[in-house]
Amino acid sequence: MSDHKARILVVDDEEIVRESLAGWLAKDGYSVGTAADGPAALEALRAEGWPILVVDLKMPGMDGLEVLERVKADRPETTVVLMTAYATVDTAVKAMKHGAYDYLIKPFDPEELSLMMAKIAEQQSVLRENALLRRALKREYRFRDLVTRSRGMQSVFDLARTAARTSSTILIFGESGTGKEVLARAIHAESGRRGPFVAVSCAALTETLLESELFGYEKGAFTGAGARTRGKFEAADRGTLFLDEIGDVSPKLQMDLLRVLEERRFCRVGGTDPIAVDVRVVAATNRNLREAVREGRFREDLYYRLNVIPITLPPLRERKEDIPLLVDHLLEVLGSEMGRRLEGVSAAAMTRITAHDWPGNVRELRNVLERAAVVSSGPILQPGDLGLDAEPGPVPGAAASLEDVERHHIAAVLDSASGNVSRAARILDIDRVTLYHKIAKYGLRRDRTAEAEPMKK
């Protein structure tokens, strides 16, 4: 459970139920209050601001759904869990539609209640931390949409901001996934150039295709050239052309690029009329171009023409203080893209994230968070959702017994359910007794081992 002592209001019209629930939760370290009906609960909420409510669905007068609606209208940040002995699909849909966190089916056991409250308390702690982080972001060092706490990245931002105000060529160095194109876009936005930002991956195309892509071509220049086509240099006129992975360009194209950078004009493939353009070039590479120059794989004159303002992006492992900022930003982006609520990661998940070396840098971090968001059962991502340093399952292609497959599947479901046996059994579509037998059979661990008598109303 979170170190923060969460406060919970139990709302039920039967005194024995209220007192039983309050007693169980108090033993878990929570501060607990009770209310005998809906109006009393709303009054207690207005007076004392309870962050968590556990509300019975069937109560005389104002039922649990109406309490839920009133609470969410006045205090949308409050977490509400409904209790019911008459659960149906329609009930569940209504509860979730009106903003319930979850619902408990009576009779339920204290373990299920305790695990759910612990998860809610941890999520609320994460939300508080995220709110503080968002406020702190306003004091962080920014360059357009980029933000950092790292001194090394602050120096990068300073240089990029200065370079953006010039028309000089920029060469960005950095490992794959460090955000070279993101920085290039920020430089373009800061520059005030009225033309577009146009990006080309030099590693993705053959020499002839890249030549046509960059310079365009005249009708009939080659088989299939049915019409005159503008290239990326023309498209980026008065704007910025981003040449990614410039170290993969062929010797012929290196010479062509050098000529364009020197003369600010070029001819389309198959054409003879020179075309003048006002293009600011930002190139990027994950290669050591100095070494390529020494080995004769990259033209020295082109290297110096590109390397007017060099900017080096540090890998993520060298600026781990930025990871919480990046996680918060990426989850906001992913939540918007996926159409779901992603509120943060648990403390244990953040520990695992910051301990990882991130060889794929920010791109790898985004992929891990996207995977976690897909498999997560709630808005707060847990360590088991991340897929980092997880226990390996059966090797693909190797002979694996059905027991091996079942063991790893049950372990994964238990992990995703945070050790909640009741919830894991529902996911697996088996009864709890069967699941307990399988847990013992395979030597699997879960968060808690005590199992109390089911509660009945």
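1. The structure is a predicted model, and the protein chain averages a pLDDT of 85, with 87% of the residues scoring at least 70.

2. Some caution is needed with two stretches. Over residues 390-401 the pLDDT is below 50, and this stretch makes 8 contacts in the model beyond near neighbours in sequence. Residues 446-457 also have a pLDDT below 50, while the contacts of this stretch beyond near neighbours in sequence number 36 in the model.

3. Strand 3, which spans residues 52-56, is mostly covered, since 5 of its 5 residues are buried. Ile52, Val54 and Asp56 point one way from the strand, whereas Leu53 and Val55 point the other way, and all are buried. In a regular strand the side chains alternate between the two faces of the sheet.

4. Strand 3 has pairing partners in strand 1 and strand 4. With strand 1 (residues 7-11) strand 3 pairs in the parallel sense over 4 bridges, and within this pairing Ile52 of strand 3 is the bridge partner of Ile8. With strand 4 (residues 79-84) strand 3 also runs parallel, and 5 bridges join the two; here Val54 stands opposite Val81 of strand 4.

Conventions: Residues numbered from 1 in each chain as written. Predicted model: local features only at pLDDT ≥ 70, side-chain atom pairs only at ≥ 80, totals over all residues. Heavy atoms only, no water. pLDDT = per-residue confidence, 0-100. Contact = heavy atoms within 4.5 Å. Buried < 20%, exposed > 50% of the residue type's maximum accessible area, 1.4 Å probe, protein only. Pairing = 2+ DSSP bridges.
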